[in-house]
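Please look over the sequence and the coordinates before reading on.

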Amino acid sequence: MLVKIDNLVKRYKDVLAVDHFSMEIREGEILGLLGPNGSGKTTTINCLLSLLKYDKGDITIFGQQMSPTRYDIKKDIGVVMQNVAVFDELTAYENVDYFCSLYIKDAATRKKYVEEALKFVAIEEHAKKVPPKLSGGLLRRLNIACGIAHKPKLIIFDEPTVAIDPQSRDYILEGIQNLNKNGATIIYTSHYMEEVEQLCSRIIIMDKGKALAQGTKDELKRMIKTGETIKMQVLDISQAQLDGLKELKHVFAVDYVGEDLTIRLTQGKHNLARVLEYLNNENITYGRVASELPTLNDVFLEITGKGLRD
């Protein structure tokens with residue numbers, strides 16, 4: 001097991017930020033760590049990196065006990081945090097060289113690694129520019145280059161695609177997949193569920209400091225009540241007819257807002273045919289019809305709730 005967290009507890013005075021949290025990460029995985037704001041994700045990562053003292057628990061990385069002074073372990077970890085952390089006074093090349101120098105002392109090797117990192121994120125043409133002269137997407141890519149230049153075995157990405165254009169976002173996601181193909185194990189946090197579905201081989205959903213669910217995306221989808229969502233445009237439907245829809249087999253929720261009718265059902269055969277048959281028998285006129293399987297977003301909301309978070 002590449003990473004193992006066992007029974008982790010972290011308190012901030014009266015606030016229990018991480019509540020007996022455990023997780024394991026196998027070598028070669030891309031693990032998605034998801035949770036609402038304040039769920040304990042960042043605290044867990046900071047404890048994993050020994051940036052925070054914790055009250056209880058054991059953390060091992062590469063089979064060895066992690067601690068603040070285990071620089072032999074830290075040299076094989078790369079971190080790309082949500083907030084871009086580079087020096088405005090240094091050029092892009094100098095930034096990557098500085099962060100790489102924390103781990104790679106040999107000048108010739110470091111030069112090779114820096115050039116490879118700049119090329120990997122496709123900013124070699126901007127190597128002589130300082131960060132204030134770079135666009136948001138280029139800054140994000142520079143931030144990644146700084147975190148991966150020393151070729152770490154374990155890389156932590158915390159919201160790496162926040163507030164960037166679609167082209168840069170796609171490039172970053174492809175780059176993360178390539179890092180994984182080249183042997184890196186990755187922990188990935190994001191609020192963009194489609195990214196997590198695209199990237200992650202396994203997912204942990206946490207809230208209030210606890211692991212609420214974990215598994216592959218398909219395993220998580222089978223854990224929730226929603227098995228199918230039918231959406232259609234309906235010009236007019238009575239409350240009695242809406243109540244009739246609720247009585248159909250497998251239907252557990254019906255919403256009608258404006259002209260949009262949404263029907264949520266548990267898993268079952270012929271759900272759509274049964275709904276359409278009811279509407280036709282009731283002489284209800286409907287337009288576009290779409291049947292959707294549950295998404296990771298459905299899983300996330302059903303498990304963590306729809307209430308707003310600070």
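The model is predicted, so local features are reported only at a pLDDT of at least 70 and side-chain atom pairs only at pLDDT 80 or more, while totals for chains, interfaces and linings use all residues. Residues are numbered from 1 along each chain as its sequence is written, and side-chain values rest on heavy atoms, with hydrogens and water left out.

The C-alpha trace of the protein chain spans about 80 × 45 × 35 Å along its principal axes. Its secondary structure comes to eleven helices and 14 strands, where helices (H or I, at least four residues) and strands (E, at least two) are DSSP runs numbered from the N terminus. Of the 310 residues in the protein chain, 46% are buried; here buried means under 20% relative accessible area, exposed means over 50%, and partly exposed lies in between, for a 1.4 Å probe and protein chains only. Taking a contact as heavy atoms within 4.5 Å, 67% of the contacts between residues at least 6 apart in sequence join residues at least 24 apart.

In soluble globular proteins, nonpolar side chains tend to be buried together. A nonpolar core is defined here as a set of buried Ala, Val, Leu, Ile, Met, Phe, Trp, Tyr and Cys residues joined through side-chain atoms within 4.5 Å. The largest such core has 46 residues, and those with the most contacts inside it are V96, F157, I186 and Y188. To this core α5 gives the most, with six residues. If residues up to four places away in sequence are not counted, F157 touches V80, I144, I176, L179, I186, I187, Y188 and T189. Another core, of 25 residues, lies apart from the largest one and includes F21, I25, I77 and M206.

Rolling a probe the size of a water molecule over the atoms shows where empty space is left. On a 1 Å grid over the protein atoms alone, a cavity is a set of points where a 1.4 Å probe fits but cannot get out, whereas a pocket is an open set with protein on both sides within 12 Å along at least five of seven lines, and lining residues have an atom within 4 Å of a point. Grid points are joined across faces, edges and corners, and a volume is the space filled by probe spheres set on the points.

The largest pocket holds about 380 Å³ of space. Its lining has 17 residues, of which G78, V79, F99, Y103 and G147 lie nearest its centre. Two or more residues of this lining come from each of β6 (77–80) and α5 (136–148), and β6 gives the most, with four. By class, the lining has eleven nonpolar, five polar and one charged residues, given that Ala, Val, Leu, Ile, Met, Phe, Trp, Tyr, Cys and Pro count as nonpolar, Asp, Glu, Lys and Arg as charged, and the others, Gly among them, as polar.

The second largest pocket has a volume of about 250 Å³. Among its 14 lining residues, I148, K151, P152, L179 and N182 are the closest to its centre, and helix α4 (residues 107–120) gives the most to the lining, with four residues.

There is one cavity of 30 Å³ or more, and the largest cavity has a volume of about 60 Å³. Its lining consists of F120, V121, R141, I144, Y171, I172, G175, I176 and L179, with α6 giving the most, five residues.

The charged pairs complete the picture. The structure holds 16 salt bridges, each being a side-chain nitrogen of Lys or Arg within 4 Å of a carboxyl oxygen of Asp or Glu. E195 forms one with R169, the closest N and O atoms being 2.7 Å apart, and this pair links distant parts of the chain, with E195 in helix α7 (residues 193–199) and R169 in helix α6 (residues 166–181), 26 residues apart. E195 is buried, with a relative accessible area of 0%. R26 forms a salt bridge with E29 at 3.1 Å between the closest N and O atoms; R26 is partly exposed at 44%, whereas E29 is buried at 7%. Salt bridges that share partners join R26, E29 and R202 into one network.
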